[in-house]
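Please open the model in your viewer and keep the selection panel at hand. The stops below are meant to be taken in order.

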Amino acid sequence: MASFASARNPKQATRVTIRAVVLLSGVLTIVFLVSFAFSEEGITELRNAQMRVDALRNEIAVLEAENAKLQAEIESLQKSSFAVERIAREDLGMSKPGEIVYMLPKKSEPGV
């Protein structure tokens, strides 16, 4: 009966062909997705990719926090000479002319 309809009405035959193609592509898509989802390699690869994404997101968060801390330190150094003096005194052991610096021995830890 379909061949009779296609011979008499080309528009209806085109619609039937389009429906068949859409149905076939839908079925093939579903079969592909099911086979991917339930195959061992598909699930394992998906989990591994998700773990890599989570690890990278955590690393990004740590680096963003470190960047924010360093940016705040840069701004502090640019705005205040006190911060520069503190670093010069504490980290570099520098002093102003005429100052007397007393160097205390570092406390040793027990058992050292």
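Before selecting anything, bear in mind that this is a predicted model, and that a search of the whole structure finds 2 salt bridges, each of which has a stop on this tour.

Begin by selecting Glu 45 and Arg 52, whose side chains meet in a salt bridge with an N to O distance of 3.5 Å. If you colour by accessibility, Glu 45 counts as partly exposed at 44% relative accessibility, and Arg 52 is likewise partly exposed, with a relative accessible area of 47%.

Next, select helix α3, residues 40–79, together with helix α4, residues 81–90, whose axes come within 5 Å and cross at roughly 105°. An angle from 65 to 115 degrees counts as roughly perpendicular, and α3 and α4 are therefore roughly perpendicular to each other. To display the contact itself, show Glu 73, Ser 76, Leu 77 and Lys 79 on the α3 side, which meet Ser 81, Ala 83, Val 84 and Ile 87 on the α4 side. The residues of this contact of α3 with α4 divide into 4 nonpolar, 2 polar and 2 charged.

How values were computed:
Residues are numbered from 1 along each chain as its sequence is written. This is a predicted model: local features need pLDDT of at least 70, side-chain atom pairs count only at pLDDT 80 or more; totals for chains, interfaces and linings use all residues. Side-chain values use heavy atoms; hydrogens and water are left out. Axes are lines fitted to C-alpha atoms, for helices over the stretch in contact, and angles run from 0 to 180 degrees between N-to-C directions. Helices (H or I, at least four residues) and strands (E, at least two) are DSSP runs, numbered from the N terminus. Angles under 35 degrees count as roughly parallel, over 145 as roughly antiparallel, 65 to 115 as roughly perpendicular and the rest as oblique. Contact means heavy atoms within 4.5 Å. Ala, Val, Leu, Ile, Met, Phe, Trp, Tyr, Cys and Pro count as nonpolar, Asp, Glu, Lys and Arg as charged, and the others, Gly among them, as polar. A salt bridge is a side-chain nitrogen of Lys or Arg within 4 Å of a carboxyl oxygen of Asp or Glu. Buried means under 20% relative accessible area, exposed over 50%, partly exposed in between (1.4 Å probe, protein chains only).
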